[in-house]
Amino acid sequence: MAAATRSCRPWGSLLGLIWLVSAAAASWDLTSLRCNFGSFCECDFRPDLQGLECDLAQHLAGQHLARSLVVKALKAFLQDPAPTKPLVLSLHGWTGTGKSYVSSLLAQYLFRDGLRSPHVHHFSPVIHFPHPSHMERYKKDLKSWVQGNLTVCSRSLFLFDEMDKLAPGLIEVLRPFLGSSWVVYGTNYRKAIFIFISNTGGEQINQVVLEAWRSRREREEIGLQELGPVISQAVLDNPHHGFWRSGIMEEHLLDVVVPFLPLQRHHVRHCVLNELAQLGLEPRDEVVQAVLDSTTFFPEDEQLFSSNGCKTVASRIAFFL
């Protein structure tokens, strides 16, 4: 008998969602991503904030702070009929804590065609900018590509993954698009959304959460005021991060720095139960326990946080079914 689960919007399992993001990134290049100026591309921006909040509440494990920050920033941005700058979010945290998952949900609930929308653009350094020797060409192409897409649809979403692997300097070409000027290169860009994702700051976030746990503080008491500064410093200290020595940081063009906290055992359990429900399966204690037993936790003494969050939950469930 299939497990009953409330759905905010029907789709497949988390594993399928991750595959869709990867497949979309792998199939795109700088020339194919841009709608031609002579052709018509419908802007399929159809925000469903209620559905987004529902899904985040049900499926995003252990991220009270990220959920609150993202929803609050998005609501304020979309309620403004004439924003003076695009919405710029920077997501930081340990692997498997939900950064890519949240960015995928944003695409699903902001655009009619979700990740398949021609106005949702996902960049990966390894796929799109693999050769450091081609950096000047990448800069020119990226600037032209963003400008072209915003000319066609001002309500576009740009996702930049693995910022900690992006060559410093490349992302600087976006600086004019992220500020508060009204028009850049003849393009209205103020209604766009830019999301930057990286693991940088993850160790610092983990340390703050660990110290809170040792002090018997509730996880929900941890706020942006204590995490924001350590994340920003981690970015500034990382010469491999795309924002290193960046005017984007110096000019404070990031609207919200969003921390993702490390996941504990009960959060991983939540992910397992969610994935079983998405697969239409009844909860099975032996499967849940097998996934937890196969997960590595750290630090060595406390065994508190999952070393890869919920990143491998879907594949581990497939192995233990």
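A residue is called buried when its relative accessible area is under 20%. The legends below describe a predicted model.

**View 1. W145 and F158 form an edge-to-face aromatic pair.** The ring centres of W145 and F158 lie 5.5 Å apart, with 80° between the planes. The two residues join distant parts of the chain, 13 residues apart: W145 belongs to helix α6 (residues 135–152) and F158 to strand β3 (residues 157–160). W145 has a relative accessible area of 0% and is therefore buried, the limit being under 20%. F158 is likewise buried, at 0% relative accessibility.

**View 2. F196 and F243 form an edge-to-face pair.** The planes of the two rings stand at 70° and their centres are 5.0 Å apart, so the pair is classed as edge-to-face. F196 is part of strand β4 (residues 193–198), while F243 sits in the loop between α9 (224–236) and α10 (247–250); the pair therefore ties together parts 47 residues apart in sequence. F196 has a relative accessibility of 1% and counts as buried, and F243, with a relative accessible area of 0%, is buried too.

**View 3. One aromatic cluster takes in the residues of both pairs.** Its members are F123, F129, Y138, W145, F158, F160, F194, F196 and F243. The count of aromatic pairs in the model comes to 13.

**View 4. Helix α6 has a buried side that packs against several elements.** The helix has 18 residues and reaches 26 Å from its first C-alpha to its last, close to the 26 Å expected at 1.5 Å a residue. Its buried residues are M135, Y138, L142, W145, V146, G148, N149 and L150. These residues pack against β2 (120–123), α5 (125–128), β3, α7 (175–178) and β4.

**View 5. The largest nonpolar core contains 77 residues.** Within this core, L142, F160, L174, F194 and F196 touch the most other members. Helix α3 (residues 64–79) supplies the largest share, nine residues. Leaving aside residues up to four places away in sequence, F160 touches F123, L142, I171, L174, F194, I195, F196 and I197.

**View 6. A second, separate core has 14 residues.** V268, V287, F297 and V313 are among them. R265 lies over the face of F297, at 4.1 Å from the ring centre.

Technical notes
Residues numbered from 1 in each chain as written. Predicted model: local features only at pLDDT ≥ 70, side-chain atom pairs only at ≥ 80, totals over all residues. Heavy atoms only, no water. Core = buried A, V, L, I, M, F, W, Y, C linked by side-chain atoms within 4.5 Å. Buried < 20%, exposed > 50% of the residue type's maximum accessible area, 1.4 Å probe, protein only. Helix = DSSP H or I, 4+ residues; strand = E, 2+ residues; numbered from the N terminus. Contact = heavy atoms within 4.5 Å. Phe/Tyr/Trp six-rings, centres within 6.5 Å; stacked < 30°, edge-to-face > 60°. Lys NZ or Arg CZ within 6 Å of the ring centre and 35° of its normal. Expected span 1.5 Å × (residues − 1).
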